[in-house]
Amino acid sequence: DEKLLHTLSELVRTGFTDILVVDDGSGAAFEAVFEKVKAIPQCTLLRHGVNRGKGAAMKTAFAYILNQSAWTGCAVVTADADGQHSVSDVCAVGRAARAAGVRLVLGVRDLGLPSVPARSKVGNRLSSWAFHSLYGVRLEDTQTGLRGVPWELLPWCGEIKGERFEYEMNMLIRAAQEHRALEEVTI
């Protein structure tokens, strides 16, 4: 919705020149929003004709970026389109991803803030506890959609199973199983 357009304008104002947006089959009701996205010179819009899921959208983006010579060597930041991530948080995760080498960077939310619903706090705490119990890796926020992916990890990300919301958890599981380093950045 309009939150996406606001986030894009803030990213452009901050200096971002290469922004990739994936429309995962949003449908005719959102066509006006995506027409505005297409009009932003710094944005490239990729589209799925039908909803294929968040994981599929991320894989589409990663494959596109890998095939653009101008983007070779870049770090990629994934952010949800609902306006929950500030541009300063996107920048912090992006800086960390550029410096991370081959570590996946997670933007970790402060779930102790009073504005965070109790259900979200409890759900994330349980998820983090279960992840540590099962995979031996402590993560503060297993459910964050704000992630930094160094160039070297893009092919790896394209191989991860999952087409919908499970994709992001599968990414963490595979990283833990392969003993890949993860970095958490407080946002």
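In this predicted model, helix H3 (residues 54-66) and helix H7 (residues 166-177) have axes that come within 7 Å and cross at roughly 65°. An angle from 65 to 115 degrees counts as roughly perpendicular, and H3 and H7 are therefore described as roughly perpendicular to each other. On the H3 side the contact is made by Lys54, Gly55, Met58, Lys59 and Phe62, and on the H7 side by Tyr167, Glu168 and Met171. By class, the residues of this contact are four nonpolar, one polar and three charged.

The largest nonpolar core has 23 residues, of which Leu4, Leu8, Val21, Val37 and Val105 touch the most other members. At least two residues of this core come from each of helix H1 (2-14), strand S1 (19-24), helix H2 (31-38), strand S2 (43-48) and helix H4 (87-99). H4 gives the most, with seven residues. Leaving aside residues up to four places away in sequence, Leu4 touches Val21, Val33, Phe34, Val37 and Ala81. Another core, of 22 residues, lies apart from the largest one; Trp71, Leu106, Val149 and Ala175 are among its members.

The cysteines remain. A disulfide is a covalent bond between the sulfur atoms of two cysteines. A search of the whole structure finds zero disulfides. For Cys43, the nearest cysteine sulfur is that of Cys91, 14 Å away, whereas a disulfide requires sulfur atoms within 2.5 Å. Cys43 is buried, with a relative accessible area of 10%. Cys74 is likewise in no disulfide, and the nearest cysteine sulfur to Cys74, that of Cys157, is 12 Å away. Cys74 counts as partly exposed, at 23% relative accessibility.

Conventions
Residues are numbered from 1 along each chain as its sequence is written. This is a predicted model: local features need pLDDT of at least 70, side-chain atom pairs count only at pLDDT 80 or more; totals for chains, interfaces and linings use all residues. Side-chain values use heavy atoms; hydrogens and water are left out. Axes are lines fitted to C-alpha atoms, for helices over the stretch in contact, and angles run from 0 to 180 degrees between N-to-C directions. Helices (H or I, at least four residues) and strands (E, at least two) are DSSP runs, numbered from the N terminus. Angles under 35 degrees count as roughly parallel, over 145 as roughly antiparallel, 65 to 115 as roughly perpendicular and the rest as oblique. Contact means heavy atoms within 4.5 Å. Ala, Val, Leu, Ile, Met, Phe, Trp, Tyr, Cys and Pro count as nonpolar, Asp, Glu, Lys and Arg as charged, and the others, Gly among them, as polar. A nonpolar core is a set of buried Ala, Val, Leu, Ile, Met, Phe, Trp, Tyr and Cys residues joined through side-chain atoms within 4.5 Å. Buried means under 20% relative accessible area, exposed over 50%, partly exposed in between (1.4 Å probe, protein chains only).
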